[in-house]
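Please open the structure in your viewer and keep the selection tool at hand.

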Amino acid sequence: MSVADSTITTTTDANYRHTRPRTTRMVRSWTFSYNALSDEQYGRLVSFFEAVGKFKSFTLSNPIDGRDHEVRFTSGFTFQYASAGWQGTLTFEEV
């Protein structure tokens, strides 16, 4: 998981630094790697990506902490077939 910095910084002529938040929240993002997906799992993932693209939000159940997050895809869909099955990486950002 990564958290985007939302700080705005200005420096005065006397070299004093003033900071404030740019937004009321910091956006979190996640990158998950998928390895050895079966053809069926890969097909469902492709269908879902085609349905929501990078323009619709959806609920992601984080497999690490079990919490639900409202997210959207932030990267394209690039997977490749290896000897054990389909593999690739997807990134998500909090909406």
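This is a predicted model: local features need pLDDT of at least 70, side-chain atom pairs count only at pLDDT 80 or more; totals for chains, interfaces and linings use all residues.

**First stop: a hairpin and its loop**

Select Tyr 16, which is found in the loop between E2 and E3. Is Tyr 16 buried or exposed? With a relative accessible area of 57%, Tyr 16 is exposed, because exposed means over 50%. Leaving out residues up to four places away in sequence, Tyr 16 touches Thr 10 and Thr 11.

Thr 7 stands opposite Pro 21 in E3, and the two strands form a hairpin with five residues between them, where Asn 15 in the turn has a positive phi of about 70°. If you colour E3 (residues 17-21) by accessibility, you will find this strand hardly covered, since the count of buried residues among its five residues is zero.

To move on, draw a distance from the C-alpha atom of Tyr 16 to that of Asp 65; these residues are 49 apart along the chain, and the two atoms are separated by 41 Å.

**Second stop: helix H1**

Select helix H1 (residues 39-52), whose 14 residues should span 20 Å at 1.5 Å a residue, and whose end C-alpha atoms are 20 Å apart, which agrees. Within H1, show the side chains of Tyr 42, Leu 45, Val 46, Phe 49 and Val 52, which are buried. They cover an arc of only 145° around the axis, which puts them on the same side of H1. Turn to the other side of the helix, and Asp 39, Glu 40, Arg 44 and Glu 50 are exposed there.

What covers the buried residues of H1? The cover includes strands E4 (28-37), E5 (58-61), E6 (68-73), E7 (79-82) and E8 (85-94). Just after H1, look also at Gly 53, which takes a positive phi of about 50°.

Next, show every aromatic side chain; a search of the whole structure finds 14 aromatic pairs. One of them is formed by Tyr 42 and Phe 79, a tilted pair with 6.0 Å centre to centre and 55° between the planes. Tyr 42 lies in helix H1 and Phe 79 in strand E7, so this pair ties together parts that are 37 residues apart in sequence. Both of these residues, Tyr 42 and Phe 79, are buried.

Then select Phe 48 and Phe 58, an edge-to-face pair with 4.9 Å centre to centre and 90° between the planes. Since Phe 48 lies in helix H1 and Phe 58 in strand E5, the pair ties together parts that are ten residues apart in sequence. Phe 48 counts as partly exposed at 35% relative accessibility, whereas Phe 58 is buried, with a relative accessible area of 10%. Ring pairs link a cluster that includes Phe 48, Phe 58, Tyr 42 and Phe 79, and also Phe 32, Tyr 34 and Trp 86.

**Last stop: His 69**

Finally, select His 69 in strand E6, which is buried, with a relative accessible area of 4%. Apart from its neighbours within four places in sequence, His 69 is in contact with Arg 28, Trp 30, Phe 58, Thr 59, Leu 60, Asn 62 and Glu 94.

Terms used
Residues are numbered from 1 along each chain as its sequence is written. Side-chain values use heavy atoms; hydrogens and water are left out. Helices (H or I, at least four residues) and strands (E, at least two) are DSSP runs, numbered from the N terminus. The expected span of a helix is 1.5 Å times one less than its number of residues. Buried means under 20% relative accessible area, exposed over 50%, partly exposed in between (1.4 Å probe, protein chains only). The arc is that of the directions from the helix axis to the C-beta atoms. Contact means heavy atoms within 4.5 Å. Rings of Phe, Tyr and Trp (its six-membered ring) pair if their centres lie within 6.5 Å; planes under 30 degrees apart count as stacked, over 60 as edge-to-face and the rest as tilted. Two strands pair if DSSP finds at least two bridges between them.
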